[in-house]
Amino acid sequence: TRALSGSVVMAVGGYAGDLSAKSVLAKHAPRLAKMPTTNDERSSGDAITLCSAVGAAVENLDKVELTPCAAVMPNAPDSDFKLVVSDAICGAGGRLLDARGKRFTDEMATAQLRVEAMGRAKGPFRLVIGESQAASVQWLCDFYLDRKVMKKYDGPAALAKEMKVAALDASIGSDALYVAMVTPALYSCAGGLVTGWQDGAAGRVLSASKQPIEGLFAAGEATAAPFAKLWSVSGIPMLYSIYSGRIAGRAAAGSGKTPTDLRELIISSLTAPSKVVEESERAEQSNEAGKADDAPAEKPLEEMTQEELVAKVKDLMANGPPASAEPAAPSGISMDEVKKHNTKEDAWIVVNGDVVDVTTWIPIHPGGEQAIVAYLGQDASDEWNMIHKPGTMEKNFVPEGGKGPILKGKLGGGAPAVAAGGGGAAAPSGLSMDEVAKHNTESDVWVVLHGRAYDVTKWTQVHPGGVAPIMAFAGKDCTDEWVCIHKPGTVEKNLAPGNPSGPVDKGPVS
(Lines give C-alpha, C1' and ligand atoms only; values in the text may rest on other atoms or scores of the structure.)
Protein backbone atom coordinates (compact mmCIF):
# COMPACT_ATOMS: atom_id res chain seq x y z
CA THR A 1 0.00 0.00 0.00
CA ARG A 2 1.23 3.47 -0.87
CA ALA A 3 -0.07 6.70 0.61
CA LEU A 4 -0.57 9.96 -1.29
CA SER A 5 0.82 12.90 0.65
CA GLY A 6 0.27 16.60 0.10
CA SER A 7 -2.56 19.11 0.06
CA VAL A 8 -5.96 17.99 -1.21
CA VAL A 9 -8.59 20.35 -2.63
CA MET A 10 -12.10 18.93 -2.74
CA ALA A 11 -13.97 20.48 -5.68
CA VAL A 12 -16.08 17.56 -6.89
CA GLY A 13 -19.49 19.24 -6.77
CA GLY A 14 -22.55 18.62 -4.66
CA TYR A 15 -24.85 15.66 -4.10
CA ALA A 16 -27.99 16.43 -6.13
CA GLY A 17 -27.19 13.89 -8.85
CA ASP A 18 -27.58 10.74 -6.74
CA LEU A 19 -31.26 9.84 -6.26
CA SER A 20 -30.61 6.36 -4.83
CA ALA A 21 -32.04 5.16 -1.52
CA LYS A 22 -28.68 5.34 0.28
CA SER A 23 -27.60 8.72 -1.08
CA VAL A 24 -26.69 11.85 0.88
CA LEU A 25 -29.84 13.42 -0.57
CA ALA A 26 -32.11 10.59 0.60
CA LYS A 27 -30.64 10.75 4.09
CA HIS A 28 -30.78 14.51 4.64
CA ALA A 29 -33.52 15.72 2.26
CA PRO A 30 -35.76 12.69 1.60
CA ARG A 31 -38.62 14.89 0.39
CA LEU A 32 -36.49 15.84 -2.61
CA ALA A 33 -35.09 12.42 -3.52
CA LYS A 34 -37.97 11.63 -5.87
CA MET A 35 -37.69 14.82 -7.88
CA PRO A 36 -35.95 15.08 -11.26
CA THR A 37 -32.47 16.61 -11.27
CA THR A 38 -30.33 18.77 -13.54
CA ASN A 39 -27.16 17.13 -12.10
CA ASP A 40 -25.58 13.99 -13.51
CA GLU A 41 -24.39 10.99 -11.48
CA ARG A 42 -21.00 12.58 -10.77
CA SER A 43 -22.69 14.91 -8.25
CA SER A 44 -22.95 12.14 -5.68
CA GLY A 45 -21.60 13.70 -2.46
CA ASP A 46 -18.15 12.11 -2.69
CA ALA A 47 -16.54 15.05 -0.90
CA ILE A 48 -18.89 14.70 2.05
CA THR A 49 -18.33 10.94 2.30
CA LEU A 50 -14.54 11.15 2.06
CA CYS A 51 -14.02 14.14 4.33
CA SER A 52 -16.51 13.02 6.98
CA ALA A 53 -14.34 9.92 7.40
CA VAL A 54 -11.49 12.13 8.64
CA GLY A 55 -13.65 14.20 10.98
CA ALA A 56 -14.82 17.03 8.73
CA ALA A 57 -17.89 18.98 9.79
CA VAL A 58 -20.90 19.31 7.50
CA GLU A 59 -23.97 21.51 7.67
CA ASN A 60 -27.18 22.44 5.84
CA LEU A 61 -27.33 19.19 3.88
CA ASP A 62 -31.10 19.66 3.60
CA LYS A 63 -30.56 22.91 1.64
CA VAL A 64 -30.87 21.94 -2.02
CA GLU A 65 -31.99 24.62 -4.43
CA LEU A 66 -34.56 23.90 -7.15
CA THR A 67 -34.82 25.53 -10.55
CA PRO A 68 -38.27 26.30 -11.98
CA CYS A 69 -36.95 26.06 -15.54
CA ALA A 70 -35.89 22.44 -16.08
CA ALA A 71 -36.85 21.42 -19.61
CA VAL A 72 -39.23 18.51 -20.19
CA MET A 73 -37.88 16.90 -23.37
CA PRO A 74 -40.66 15.69 -25.71
CA ASN A 75 -38.93 12.38 -26.42
CA ALA A 76 -38.01 11.73 -22.77
CA PRO A 77 -40.71 13.35 -20.60
CA ASP A 78 -40.27 10.95 -17.68
CA SER A 79 -36.47 11.04 -17.51
CA ASP A 80 -35.03 11.87 -14.08
CA PHE A 81 -32.34 13.96 -15.76
CA LYS A 82 -33.42 17.40 -17.00
CA LEU A 83 -31.71 20.25 -18.85
CA VAL A 84 -31.79 23.77 -17.47
CA VAL A 85 -33.35 26.50 -19.59
CA SER A 86 -31.34 29.69 -19.01
CA ASP A 87 -32.83 32.41 -16.84
CA ALA A 88 -31.74 34.79 -19.61
CA ILE A 89 -35.06 33.88 -21.29
CA CYS A 90 -36.95 35.21 -18.27
CA GLY A 91 -34.70 38.25 -18.15
CA ALA A 92 -35.54 39.07 -21.77
CA GLY A 93 -39.27 39.03 -21.06
CA GLY A 94 -40.23 35.37 -20.97
CA ARG A 95 -43.43 34.39 -19.14
CA LEU A 96 -44.26 31.31 -17.08
CA LEU A 97 -47.75 30.02 -17.89
CA ASP A 98 -49.82 27.42 -16.06
CA ALA A 99 -52.21 24.86 -17.55
CA ARG A 100 -54.83 27.61 -18.06
CA GLY A 101 -52.44 29.69 -20.13
CA LYS A 102 -52.19 32.29 -17.38
CA ARG A 103 -49.16 33.95 -15.84
CA PHE A 104 -48.92 32.94 -12.16
CA THR A 105 -45.65 34.38 -10.80
CA ASP A 106 -43.00 37.08 -11.22
CA GLU A 107 -40.41 35.58 -13.57
CA MET A 108 -37.70 37.82 -12.08
CA ALA A 109 -38.28 36.52 -8.55
CA THR A 110 -35.81 34.13 -6.96
CA ALA A 111 -35.89 30.50 -8.04
CA GLN A 112 -37.30 29.51 -4.68
CA LEU A 113 -40.29 31.87 -4.98
CA ARG A 114 -41.02 30.71 -8.53
CA VAL A 115 -40.89 27.04 -7.51
CA GLU A 116 -43.22 27.75 -4.58
CA ALA A 117 -45.64 29.44 -6.99
CA MET A 118 -45.54 26.35 -9.20
CA GLY A 119 -46.52 24.30 -6.17
CA ARG A 120 -49.67 26.38 -5.79
CA ALA A 121 -50.52 26.49 -9.51
CA LYS A 122 -51.64 23.75 -11.88
CA GLY A 123 -49.27 22.31 -14.45
CA PRO A 124 -48.00 21.45 -16.97
CA PHE A 125 -45.99 24.68 -17.10
CA ARG A 126 -44.56 26.48 -20.09
CA LEU A 127 -41.89 29.15 -20.46
CA VAL A 128 -43.00 31.41 -23.32
CA ILE A 129 -41.31 34.36 -25.02
CA GLY A 130 -42.45 36.40 -28.01
CA GLU A 131 -40.23 36.67 -31.08
CA SER A 132 -39.79 40.44 -30.71
CA GLN A 133 -38.81 40.13 -27.03
CA ALA A 134 -36.42 37.30 -27.87
CA ALA A 135 -34.18 39.50 -30.05
CA SER A 136 -31.54 39.88 -27.31
CA VAL A 137 -31.44 36.11 -26.73
CA GLN A 138 -32.17 34.94 -30.28
CA TRP A 139 -29.01 32.82 -30.35
CA LEU A 140 -30.23 31.04 -27.22
CA CYS A 141 -33.71 30.41 -28.62
CA ASP A 142 -32.15 29.07 -31.84
CA PHE A 143 -29.91 26.80 -29.76
CA TYR A 144 -32.93 25.42 -27.88
CA LEU A 145 -34.97 25.06 -31.06
CA ASP A 146 -32.20 23.10 -32.74
CA ARG A 147 -32.08 20.70 -29.80
CA LYS A 148 -35.87 20.41 -29.48
CA VAL A 149 -35.90 22.00 -26.04
CA MET A 150 -38.12 24.72 -27.47
CA LYS A 151 -40.85 24.72 -30.09
CA LYS A 152 -41.89 27.67 -32.24
CA TYR A 153 -45.55 28.63 -32.75
CA ASP A 154 -47.00 31.07 -35.28
CA GLY A 155 -48.71 33.00 -32.51
CA PRO A 156 -50.71 32.82 -29.25
CA ALA A 157 -53.73 31.28 -31.00
CA ALA A 158 -51.72 28.27 -32.18
CA LEU A 159 -50.38 27.60 -28.68
CA ALA A 160 -53.80 28.17 -27.06
CA LYS A 161 -55.31 25.63 -29.46
CA GLU A 162 -52.70 23.01 -28.50
CA MET A 163 -53.27 23.74 -24.80
CA LYS A 164 -57.06 23.59 -25.30
CA VAL A 165 -57.66 26.96 -23.65
CA ALA A 166 -59.64 29.93 -24.96
CA ALA A 167 -56.76 32.42 -24.87
CA LEU A 168 -53.34 33.04 -23.37
CA ASP A 169 -52.31 35.69 -20.88
CA ALA A 170 -52.42 39.13 -22.53
CA SER A 171 -48.79 39.85 -21.51
CA ILE A 172 -47.62 37.29 -24.09
CA GLY A 173 -48.19 39.67 -27.00
CA SER A 174 -49.30 38.77 -30.51
CA ASP A 175 -46.22 37.69 -32.47
CA ALA A 176 -44.64 34.27 -32.96
CA LEU A 177 -43.72 32.39 -29.77
CA TYR A 178 -40.82 30.26 -28.54
CA VAL A 179 -42.07 27.76 -25.97
CA ALA A 180 -40.42 25.26 -23.61
CA MET A 181 -42.19 22.83 -21.32
CA VAL A 182 -40.64 23.23 -17.87
CA THR A 183 -40.85 21.70 -14.41
CA PRO A 184 -39.14 22.18 -11.03
CA ALA A 185 -35.97 20.09 -10.59
CA LEU A 186 -32.97 19.80 -8.28
CA TYR A 187 -30.36 22.36 -9.28
CA SER A 188 -27.62 23.15 -6.75
CA CYS A 189 -26.56 22.36 -3.18
CA ALA A 190 -26.13 25.08 -0.57
CA GLY A 191 -25.02 22.59 2.09
CA GLY A 192 -21.80 20.65 2.39
CA LEU A 193 -18.40 20.72 4.12
CA VAL A 194 -17.77 23.51 6.60
CA THR A 195 -14.84 25.68 5.55
CA GLY A 196 -13.12 28.69 7.08
CA TRP A 197 -13.39 32.20 5.67
CA GLN A 198 -11.02 34.34 7.72
CA ASP A 199 -7.36 34.57 8.69
CA GLY A 200 -5.41 31.31 8.30
CA ALA A 201 -8.54 29.16 7.96
CA ALA A 202 -9.71 30.54 4.61
CA GLY A 203 -10.53 27.71 2.19
CA ARG A 204 -9.66 25.02 4.75
CA VAL A 205 -12.05 22.23 5.74
CA LEU A 206 -12.98 22.48 9.42
CA SER A 207 -13.53 19.71 11.94
CA ALA A 208 -16.52 19.45 14.25
CA SER A 209 -14.57 21.56 16.75
CA LYS A 210 -14.12 24.25 14.06
CA GLN A 211 -10.38 23.59 13.72
CA PRO A 212 -8.76 23.39 10.26
CA ILE A 213 -7.91 19.86 9.12
CA GLU A 214 -4.27 19.89 8.04
CA GLY A 215 -3.79 19.81 4.27
CA LEU A 216 -7.51 19.60 3.41
CA PHE A 217 -9.26 22.32 1.39
CA ALA A 218 -12.64 22.54 -0.39
CA ALA A 219 -14.59 24.77 -2.75
CA GLY A 220 -17.81 25.14 -4.71
CA GLU A 221 -20.84 22.95 -4.08
CA ALA A 222 -18.72 20.54 -2.05
CA THR A 223 -18.90 23.18 0.70
CA ALA A 224 -21.67 24.78 2.75
CA ALA A 225 -22.40 28.29 1.43
CA PRO A 226 -22.36 30.94 4.19
CA PHE A 227 -25.39 32.72 2.73
CA ALA A 228 -28.04 30.07 2.10
CA LYS A 229 -30.81 32.67 1.79
CA LEU A 230 -29.15 34.19 -1.28
CA TRP A 231 -28.51 30.83 -2.95
CA SER A 232 -31.69 30.93 -5.07
CA VAL A 233 -30.75 34.23 -6.73
CA SER A 234 -29.80 33.60 -10.35
CA GLY A 235 -26.02 33.41 -10.84
CA ILE A 236 -25.08 33.21 -7.14
CA PRO A 237 -24.13 29.47 -7.12
CA MET A 238 -21.70 29.94 -10.03
CA LEU A 239 -20.24 33.12 -8.53
CA TYR A 240 -19.73 31.36 -5.20
CA SER A 241 -18.07 28.36 -6.87
CA ILE A 242 -15.56 30.59 -8.68
CA TYR A 243 -14.85 32.73 -5.62
CA SER A 244 -14.48 29.84 -3.16
CA GLY A 245 -12.38 27.92 -5.71
CA ARG A 246 -9.88 30.73 -5.94
CA ILE A 247 -9.69 31.05 -2.16
CA ALA A 248 -9.09 27.30 -1.70
CA GLY A 249 -6.60 27.18 -4.57
CA ARG A 250 -4.51 30.05 -3.19
CA ALA A 251 -4.62 28.58 0.32
CA ALA A 252 -3.52 25.16 -0.89
CA ALA A 253 -0.77 26.64 -3.06
CA GLY A 254 0.60 28.50 -0.05
CA SER A 255 0.48 25.53 2.32
CA GLY A 256 4.08 24.55 1.55
CA LYS A 257 3.26 20.88 1.01
CA THR A 258 4.84 19.17 -2.01
CA PRO A 259 2.37 16.59 -3.37
CA THR A 260 3.28 13.12 -4.53
CA ASP A 261 3.15 12.71 -8.30
CA LEU A 262 -0.43 11.46 -8.68
CA ARG A 263 0.13 9.93 -12.12
CA GLU A 264 3.06 7.86 -10.86
CA LEU A 265 1.06 6.68 -7.86
CA ILE A 266 -1.98 5.63 -9.93
CA ILE A 267 0.05 3.87 -12.61
CA SER A 268 2.16 1.94 -10.11
CA SER A 269 -0.83 0.97 -7.97
CA LEU A 270 -2.74 -0.39 -10.98
CA THR A 271 0.18 -2.21 -12.62
CA ALA A 272 0.69 -5.91 -11.94
CA PRO A 273 4.20 -6.88 -10.68
CA SER A 274 4.85 -8.89 -13.87
CA LYS A 275 4.11 -5.80 -15.93
CA VAL A 276 6.48 -3.78 -13.79
CA VAL A 277 9.25 -6.27 -14.69
CA GLU A 278 8.33 -6.02 -18.36
CA GLU A 279 8.42 -2.23 -18.18
CA SER A 280 11.80 -2.42 -16.44
CA GLU A 281 13.16 -4.68 -19.18
CA ARG A 282 11.83 -2.34 -21.83
CA ALA A 283 13.45 0.59 -20.05
CA GLU A 284 16.79 -1.26 -20.06
CA GLN A 285 16.41 -1.99 -23.76
CA SER A 286 15.60 1.64 -24.35
CA ASN A 287 18.71 2.65 -22.44
CA GLU A 288 20.83 0.30 -24.56
CA ALA A 289 19.30 1.78 -27.70
CA GLY A 290 20.01 5.21 -26.30
CA LYS A 291 23.67 4.28 -25.88
CA ALA A 292 23.76 3.26 -29.51
CA ASP A 293 22.19 6.59 -30.42
CA ASP A 294 24.89 8.33 -28.43
CA ALA A 295 27.60 6.84 -30.68
CA PRO A 296 29.70 9.43 -32.49
CA ALA A 297 27.92 10.87 -35.52
CA GLU A 298 29.28 10.09 -38.97
CA LYS A 299 31.85 12.57 -40.25
CA PRO A 300 30.69 15.20 -42.71
CA LEU A 301 31.83 14.28 -46.26
CA GLU A 302 34.23 17.22 -46.45
CA GLU A 303 36.13 15.89 -43.41
CA MET A 304 36.49 12.29 -44.65
CA THR A 305 39.80 10.90 -45.90
CA GLN A 306 40.07 9.40 -49.38
CA GLU A 307 39.81 5.88 -47.94
CA GLU A 308 36.68 6.79 -45.94
CA LEU A 309 35.02 8.36 -48.98
CA VAL A 310 35.71 5.25 -51.09
CA ALA A 311 34.26 3.03 -48.34
CA LYS A 312 31.18 5.29 -48.13
CA VAL A 313 30.56 5.11 -51.88
CA LYS A 314 30.92 1.30 -51.88
CA ASP A 315 28.41 1.07 -49.01
CA LEU A 316 25.90 3.23 -50.87
CA MET A 317 26.31 1.18 -54.05
CA ALA A 318 25.78 -2.06 -52.17
CA ASN A 319 23.00 -1.05 -49.79
CA GLY A 320 21.46 2.10 -51.24
CA PRO A 321 20.69 5.28 -49.30
CA PRO A 322 19.05 5.09 -45.83
CA ALA A 323 15.30 4.61 -46.05
CA SER A 324 13.33 7.78 -45.47
CA ALA A 325 10.33 7.71 -43.21
CA GLU A 326 7.10 6.92 -45.02
CA PRO A 327 4.31 9.44 -44.60
CA ALA A 328 1.74 8.40 -42.00
CA ALA A 329 -1.34 6.72 -43.36
CA PRO A 330 -4.60 8.60 -42.94
CA SER A 331 -6.16 7.80 -39.58
CA GLY A 332 -9.80 7.39 -38.74
CA ILE A 333 -12.97 6.69 -40.73
CA SER A 334 -14.18 9.34 -43.17
CA MET A 335 -17.67 10.82 -43.05
CA ASP A 336 -18.13 9.67 -46.65
CA GLU A 337 -17.64 6.09 -45.46
CA VAL A 338 -20.13 6.59 -42.60
CA LYS A 339 -22.77 7.90 -45.05
CA LYS A 340 -22.71 4.57 -46.93
CA HIS A 341 -24.11 2.75 -43.87
CA ASN A 342 -27.57 4.31 -43.80
CA THR A 343 -30.05 1.44 -43.69
CA LYS A 344 -31.49 -0.54 -40.79
CA GLU A 345 -29.64 -3.59 -42.09
CA ASP A 346 -26.30 -1.72 -42.13
CA ALA A 347 -26.49 1.23 -39.75
CA TRP A 348 -23.67 3.51 -38.57
CA ILE A 349 -23.81 6.82 -36.75
CA VAL A 350 -21.25 9.22 -35.29
CA VAL A 351 -21.40 10.24 -31.62
CA ASN A 352 -18.77 12.61 -30.21
CA GLY A 353 -16.17 11.60 -32.77
CA ASP A 354 -16.78 7.84 -32.42
CA VAL A 355 -18.08 5.89 -35.42
CA VAL A 356 -20.59 3.35 -34.09
CA ASP A 357 -22.31 0.41 -35.79
CA VAL A 358 -25.85 0.39 -34.33
CA THR A 359 -27.37 -2.26 -36.63
CA THR A 360 -28.08 -4.78 -33.86
CA TRP A 361 -28.93 -2.05 -31.35
CA ILE A 362 -31.84 -0.57 -33.30
CA PRO A 363 -34.42 -3.27 -32.37
CA ILE A 364 -33.57 -3.11 -28.66
CA HIS A 365 -32.82 0.62 -28.22
CA PRO A 366 -34.71 1.83 -25.09
CA GLY A 367 -35.76 5.02 -26.86
CA GLY A 368 -37.26 3.17 -29.83
CA GLU A 369 -36.07 2.52 -33.37
CA GLN A 370 -36.95 5.90 -34.85
CA ALA A 371 -34.65 7.79 -32.48
CA ILE A 372 -31.67 6.04 -34.14
CA VAL A 373 -33.01 5.54 -37.66
CA ALA A 374 -33.42 9.30 -38.08
CA TYR A 375 -29.62 9.70 -37.96
CA LEU A 376 -28.31 6.72 -39.91
CA GLY A 377 -25.13 7.63 -41.77
CA GLN A 378 -25.04 10.99 -39.98
CA ASP A 379 -23.53 12.74 -36.97
CA ALA A 380 -25.98 12.46 -34.05
CA SER A 381 -23.75 14.10 -31.41
CA ASP A 382 -25.86 17.20 -30.70
CA GLU A 383 -29.12 15.34 -30.23
CA TRP A 384 -27.44 12.50 -28.31
CA ASN A 385 -25.76 14.86 -25.82
CA MET A 386 -28.99 16.74 -25.12
CA ILE A 387 -30.68 13.55 -23.91
CA HIS A 388 -28.01 11.20 -22.57
CA LYS A 389 -25.53 11.46 -19.73
CA PRO A 390 -21.80 11.42 -20.57
CA GLY A 391 -20.54 7.85 -20.92
CA THR A 392 -23.91 6.30 -21.84
CA MET A 393 -22.77 5.14 -25.26
CA GLU A 394 -19.43 3.85 -23.98
CA LYS A 395 -21.19 1.92 -21.22
CA ASN A 396 -23.30 0.07 -23.80
CA PHE A 397 -20.52 -0.86 -26.25
CA VAL A 398 -20.44 -4.59 -27.16
CA PRO A 399 -17.80 -6.58 -29.08
CA GLU A 400 -18.22 -7.51 -32.75
CA GLY A 401 -21.13 -9.92 -33.10
CA GLY A 402 -22.91 -8.68 -29.97
CA LYS A 403 -26.31 -7.01 -29.70
CA GLY A 404 -25.69 -3.35 -29.06
CA PRO A 405 -23.54 -0.46 -30.31
CA ILE A 406 -20.19 -1.58 -31.75
CA LEU A 407 -17.32 0.90 -31.86
CA LYS A 408 -15.82 0.91 -35.37
CA GLY A 409 -13.19 3.59 -34.76
CA LYS A 410 -12.64 7.33 -34.66
CA LEU A 411 -14.02 9.76 -37.21
CA GLY A 412 -11.19 11.28 -39.24
CA GLY A 413 -9.18 10.52 -42.36
CA GLY A 414 -7.70 12.61 -45.12
CA ALA A 415 -4.20 12.87 -46.53
CA PRO A 416 -1.39 13.80 -44.17
CA ALA A 417 -0.29 17.42 -44.27
CA VAL A 418 2.79 18.25 -46.35
CA ALA A 419 5.20 20.85 -45.04
CA ALA A 420 5.38 24.00 -47.12
CA GLY A 421 8.43 24.18 -49.36
CA GLY A 422 8.84 20.44 -49.97
CA GLY A 423 9.36 17.28 -47.96
CA GLY A 424 12.64 18.46 -46.46
CA ALA A 425 11.15 21.43 -44.63
CA ALA A 426 10.85 21.15 -40.86
CA ALA A 427 7.33 21.20 -39.39
CA PRO A 428 6.48 24.40 -37.55
CA SER A 429 6.81 24.17 -33.78
CA GLY A 430 3.41 25.76 -33.23
CA LEU A 431 1.21 28.76 -33.92
CA SER A 432 2.26 32.11 -32.51
CA MET A 433 0.00 34.28 -30.33
CA ASP A 434 0.44 36.97 -33.01
CA GLU A 435 -1.26 34.64 -35.49
CA VAL A 436 -4.05 33.81 -33.03
CA ALA A 437 -4.60 37.53 -32.33
CA LYS A 438 -5.52 38.10 -35.99
CA HIS A 439 -8.65 35.98 -35.57
CA ASN A 440 -10.65 38.33 -33.35
CA THR A 441 -13.97 38.98 -35.08
CA GLU A 442 -17.27 37.15 -34.69
CA SER A 443 -16.96 35.85 -38.28
CA ASP A 444 -13.42 34.54 -37.62
CA VAL A 445 -12.68 33.89 -33.95
CA TRP A 446 -9.92 31.81 -32.37
CA VAL A 447 -9.07 31.35 -28.71
CA VAL A 448 -6.26 29.59 -26.85
CA LEU A 449 -7.02 26.99 -24.17
CA HIS A 450 -4.39 24.91 -22.37
CA GLY A 451 -1.76 25.82 -24.94
CA ARG A 452 -3.80 24.93 -28.03
CA ALA A 453 -5.58 27.21 -30.49
CA TYR A 454 -9.21 26.56 -31.36
CA ASP A 455 -11.33 28.04 -34.15
CA VAL A 456 -14.64 28.68 -32.37
CA THR A 457 -16.37 30.66 -35.13
CA LYS A 458 -19.25 28.20 -35.48
CA TRP A 459 -19.36 27.32 -31.81
CA THR A 460 -19.77 30.97 -30.83
CA GLN A 461 -23.27 30.94 -32.30
CA VAL A 462 -24.41 27.88 -30.33
CA HIS A 463 -22.34 28.32 -27.16
CA PRO A 464 -24.69 27.77 -24.18
CA GLY A 465 -23.09 30.71 -22.34
CA GLY A 466 -23.68 33.10 -25.23
CA VAL A 467 -21.56 35.00 -27.75
CA ALA A 468 -20.20 37.66 -25.37
CA PRO A 469 -18.08 35.38 -23.11
CA ILE A 470 -16.21 34.00 -26.14
CA MET A 471 -15.80 37.34 -27.90
CA ALA A 472 -14.29 38.80 -24.72
CA PHE A 473 -11.30 36.50 -25.37
CA ALA A 474 -11.25 36.52 -29.17
CA GLY A 475 -7.65 36.15 -30.29
CA LYS A 476 -6.51 35.66 -26.69
CA ASP A 477 -5.71 32.99 -24.10
CA CYS A 478 -8.88 32.17 -22.11
CA THR A 479 -7.52 29.27 -20.04
CA ASP A 480 -7.83 30.84 -16.57
CA GLU A 481 -11.43 31.95 -17.04
CA TRP A 482 -12.45 28.74 -18.84
CA VAL A 483 -11.28 26.37 -16.11
CA CYS A 484 -13.11 28.42 -13.46
CA ILE A 485 -16.46 27.59 -15.06
CA HIS A 486 -16.23 24.40 -17.15
CA LYS A 487 -15.63 20.77 -16.29
CA PRO A 488 -12.48 19.11 -17.64
CA GLY A 489 -13.06 17.62 -21.09
CA THR A 490 -15.81 20.05 -22.13
CA VAL A 491 -13.95 21.28 -25.23
CA GLU A 492 -12.74 17.82 -26.18
CA LYS A 493 -16.29 16.45 -25.96
CA ASN A 494 -17.56 19.13 -28.35
CA LEU A 495 -14.73 19.11 -30.91
CA ALA A 496 -15.41 18.95 -34.65
CA PRO A 497 -15.81 16.78 -36.65
CA GLY A 498 -17.73 14.85 -33.98
CA ASN A 499 -19.77 18.01 -33.42
CA PRO A 500 -20.09 19.85 -36.77
CA SER A 501 -20.68 23.16 -34.97
CA GLY A 502 -17.98 22.56 -32.36
CA PRO A 503 -14.51 24.04 -31.88
CA VAL A 504 -11.86 23.11 -34.45
CA ASP A 505 -8.44 22.25 -33.03
CA LYS A 506 -5.87 24.35 -34.94
CA GLY A 507 -2.83 23.00 -33.08
CA PRO A 508 -0.38 23.95 -30.32
CA VAL A 509 0.62 27.53 -29.62
CA SER A 510 4.33 28.11 -29.08
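How many aromatic pairs does a search of the whole structure find?

## Aromatic pairs

The search of this predicted model finds five aromatic pairs. One of them joins W197 and Y243, whose rings are stacked, with 6.2 Å from centre to centre and 10° between the planes. Because W197 belongs to the loop between β9 (192–193) and β10 (204–206), while Y243 belongs to helix α7 (residues 236–253), the pair ties together parts that are 46 residues apart in sequence.

The two partners fall into separate accessibility classes: W197 counts as partly exposed at 32% relative accessibility, whereas Y243, with a relative accessible area of 51%, is exposed. Both residues also belong to one aromatic cluster, which is formed by W197, W231, Y240 and Y243.

## The nonpolar cores

The largest nonpolar core holds 41 residues, and of these V85 and I89 touch the most other members. Two or more residues of this core come from each of the elements β3 (64–71), α3 (88–91), α4 (111–120), β6 (125–130), α5 (138–146), β8 (177–189), β17 (444–449) and α16 (457–462). Helix α5 gives the most to this core, with four residues.

When residues up to four places away in sequence are not counted, I89 touches G94, L127, I129, V137, L140, C141, Y144 and M150. Another core, of 16 residues, lies apart from the largest one, and its members include A26, A29, A33 and C189.

Leaving aside neighbours within four places in sequence, E107 is in contact with C90, G94, R95, L96 and R114.

## A four-stranded sheet

Four strands form an open sheet in the order β16-β17-β18-β19, and their pairing is antiparallel. Strands β16 (440–441) and β19 (504–508) stand at the edges, where each has a single partner strand, so one side of each is left without a neighbour in the sheet.

In general, the strands of a sheet pair through backbone hydrogen bonds, in either a parallel or an antiparallel way. Here, strand β18 (residues 452–455) pairs with β19 in the antiparallel sense over four bridges, and the bridge partner of D455 in β19 is V504.

Terms used:
Residues are numbered from 1 along each chain as its sequence is written. This is a predicted model: local features need pLDDT of at least 70, side-chain atom pairs count only at pLDDT 80 or more; totals for chains, interfaces and linings use all residues. Side-chain values use heavy atoms; hydrogens and water are left out. Two strands pair if DSSP finds at least two bridges between them. A nonpolar core is a set of buried Ala, Val, Leu, Ile, Met, Phe, Trp, Tyr and Cys residues joined through side-chain atoms within 4.5 Å. Buried means under 20% relative accessible area, exposed over 50%, partly exposed in between (1.4 Å probe, protein chains only). Contact means heavy atoms within 4.5 Å. Rings of Phe, Tyr and Trp (its six-membered ring) pair if their centres lie within 6.5 Å; planes under 30 degrees apart count as stacked, over 60 as edge-to-face and the rest as tilted.
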